[in-house]
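Subject: Handover of a structure, with notes

Dear colleague,

Please find below the structure that I am handing over to you, and please read the notes under it with the coordinates open beside them.

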Amino acid sequence: MMRNSIFLAIVCVVLCACSSKQYTITGNIGELTGKKMYLLIGGEKVDSSEIANGRFAFKGEVEAPTYCRLESEDMKFGCMFWIENSNITIAVENQQVQVN
């Protein structure tokens, strides 16, 4: 009986660890610095991040995959993509946007 309880506890810990409910967006946008990047969901600004040395980051959670938009404070950059609770990387090089 004790062995089954320990096994069940280990399974619960593993399942809880695997079901992370958080997204992490990291980005490298090159030339922009000293401005803010905004994350919009449903047309509403839900988060902001300072751009430092061309890099920015967001963390949060969504209940389901959701279409969102990133835009810079000066409106020189914007892109739309699906956000889900996972690691997402945004890279801009030669005016090409890559979302992974």
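This is a predicted model: local features need pLDDT of at least 70, side-chain atom pairs count only at pLDDT 80 or more; totals for chains, interfaces and linings use all residues.

Residues are numbered from 1 along each chain as its sequence is written, and side-chain values use heavy atoms, with hydrogens and water left out.

The protein chain has one helix and eight strands, where helices (H or I, at least four residues) and strands (E, at least two) are DSSP runs numbered from the N terminus. Along the sequence these elements follow the pattern α-β-β-β-β-β-β-β-β. Of the 100 residues, 27% count as buried; buried here means under 20% relative accessible area, exposed over 50%, and partly exposed in between, with a 1.4 Å probe and protein chains only. The chain exposes about 7,100 Å², of which carbon and sulfur atoms supply 53%; such areas come from the Shrake-Rupley method with a 1.4 Å probe, and for residues only the protein chains shown count as cover. Among contacts (heavy atoms within 4.5 Å) between residues at least 6 apart in sequence, 47% join residues at least 24 apart.

Turning to the sheet, four strands form an open sheet in the order β4-β1-β7-β8, with mixed pairing, two strands being paired if DSSP finds at least two bridges between them. Strands β4 (55-60) and β8 (96-99) stand at the edges, and because each has a single partner strand, one side of each is left without a neighbour in the sheet. The twist averages 10 degrees from one strand to the next, with axes taken as lines fitted to C-alpha atoms (for helices over the stretch in contact) and angles running from 0 to 180 degrees between N-to-C directions. Strand β1 (residues 23-28) is joined to β4 by six bridges, the two running antiparallel, and T24 has K59 of β4 as its bridge partner. Five bridges join β1 to β7 (residues 87-93), and this pair runs parallel, with T89 in β7 as the bridge partner of T26. Between β7 and β8, which run antiparallel, there are four bridges, and V92 stands opposite V97 in β8.

Among the individual residues, Y38 is found in strand β2 (residues 36-41) and is buried, with a relative accessible area of 16%. Leaving aside its neighbours within four places in sequence, Y38 is in contact with K45, D47, S48, F58, R69, L70, E71 and E73. Y38 and G78 are 40 residues apart in sequence, and their C-alpha atoms are 9.3 Å apart in space.

W82, by contrast, is exposed, with a relative accessible area of 56%, and is found in strand β6 (residues 78-83).

N53, in the loop between β3 (44-50) and β4, has a positive phi of about 55 degrees although it is not a glycine, and N53 counts as exposed at 68% relative accessibility. M75, in the loop between β5 (66-72) and β6, likewise has a positive phi, near 65 degrees, in a residue other than glycine, and M75 is exposed with a relative accessible area of 54%.

With kind regards
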